[in-house]
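This report describes how two chains meet and which contacts join them. The sequence and structure are shown first.

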Amino acid sequence: MPKVEFNVDRCKGCELCAVFCPQKIIKLSEGINKLGYHPATVKEMEKCTGCAICARVCPDCVIKVYK
Amino acid sequence: MKVVFERPRALSDVTTHYCPGCTHGIIHRLVAEVIDELGILERTIGVAPVGCAVLAYNYLECDWQQAAHGRAPAVATGIKRALPDRVVFTYQGDGDLASIGTAEIVHAANRGERITVIYVNNAIYGMTGGQMAPTTLEGQVTATSPRGRDIKQAGHPMRMAEMLATLPGVSYLARVAVNKPANIMKAKKAIKQAFMVQIDDLGFGMVEILSTCPTNWGLQPAKAMEWVDEKMIPYYPLGEFKVPGEVK
């Protein structure tokens with residue numbers, strides 16, 4: 001099953017991944033990371049198609065995609 | 001299950017100093033992907049500008065030289081002529097390339113230097129706090145144009161790609177954007193082409209990349225991406241202005 005992995009402490013919470021995700025499954029976490037931002041996360045990973053659009057729009061190369 | 005997307009080898013595994021949502025990070029990654037795909041990391045030398053991207057040498061794993069403000073094309077000329085087997089590129093913003101460095105870029109292009117120029121245009125001075133740049137759009141509010149850019153007073157936003165495309169030394173020149181996934185893919189193709197014309201010894205290659213500055217534009221990152229579509233692309237049309245062997 002496709003999945004994405006976030007390098008949580010690199011995320012600056014810009015939400016570009018969330019906006020461009022065709023499945024709309026990316027949200028910002030409640031907690032904060034080492035940089036002080038709310039990092040992006042996926043709750044319903046089973047809906048991920050592994051399209052990698054989130055990773056391609058991420059300015060901080062936070063996301064690794066498996067398919 | 002295999003990895004379908006990960007950090008390119010040429011991109012350093014560090015946190016950048018860029019603001020959240022700044023597309024410099026996307027452009028760095030595209031350059032790194034192209035360097036990886038062409039297998040040229042060990043023989044590539046970048047020339048960093050003055051501006052937000054001044055620290056680019058911390059983010060890409062190739063060799064680097066940092067140039068005085070606007071002088072990256074002149075420094076790249078020297079490096080390329082001394083070491084012609086290296087792949088030399090400059091990475092410059094609009095304040096660096098289109099303002100203080102206008103003379104250097106025009107003459108390097110006109111000489112047909114075998115260098116690649118990555119020109120990041122976000123229509124504002126980023127590092128110094130959002131002042132009006134030569135590329136700032138008509139009516140755009142900045143720290144030094146609080147009532148919007150007045151064409152009568154400040155002149156027209158400068159279209160560098162169109163201007164440089166008239167020079168015979170230029171082999172490849174395109175304008176792309178990184179404001180949505182499809183445009184990001186096209187941007188990567190153009191960056192690759194701009195490196196290829198150097199490797200194939202065809203002449204000067206440049207890509208103008210429409211970028212965002214959410215902080216100084218005063219917009220959320222996603223809104224800034226839309227602003228590129230709404231405001232920038234109508235004035236700075238995307239496309240290839242010159243490809244090897246023909247003038248468009």
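A salt bridge is counted where a side-chain nitrogen of Lys or Arg lies within 4 Å of a carboxyl oxygen of Asp or Glu. By this rule, 20 salt bridges are found over all chains of the structure. This is a predicted model, in which local features need pLDDT of at least 70 and side-chain atom pairs count only at pLDDT 80 or more, while totals for chains, interfaces and linings use all residues. Residues are numbered from 1 along each chain as its sequence is written, chains are lettered from A and ligands numbered from 1 in the order in which they are written, and side-chain values use heavy atoms, with hydrogens and water left out.

| Salt bridge | Distance (N to O) |
|---|---|
| B:Lys188 and B:Glu37 | 2.5 Å |
| B:Glu6 and A:Lys64 | 3.7 Å |

The pair B:Lys188 and B:Glu37 links distant parts of the chain, 151 residues apart: B:Lys188 belongs to helix α7 (residues 181-199) and B:Glu37 to helix α1 (residues 24-38) of chain B. Helices (H or I, at least four residues) and strands (E, at least two) are DSSP runs, numbered from the N terminus.

Across the interface of chain A and chain B, 2 salt bridges are found. Contact (heavy atoms within 4.5 Å) involves 26 residues of chain A and 30 residues of chain B. The two chains bury about 2,300 Å² between them, with 65% of it on carbon and sulfur atoms; buried area is the accessible area (1.4 Å probe) that two parts lose on being put together, summed over both. Of the area that chain A buries against chain B, 28% comes from A:Arg10, A:Arg56 and A:Cys61, more than from any other three residues.

The interface also includes strand pairing, which requires at least two DSSP bridges between two strands. β4(A) pairs with strand β1 (residues 3-5) of chain B in the antiparallel sense over 2 bridges, and A:Val65 stands opposite B:Phe5 in β1(B).
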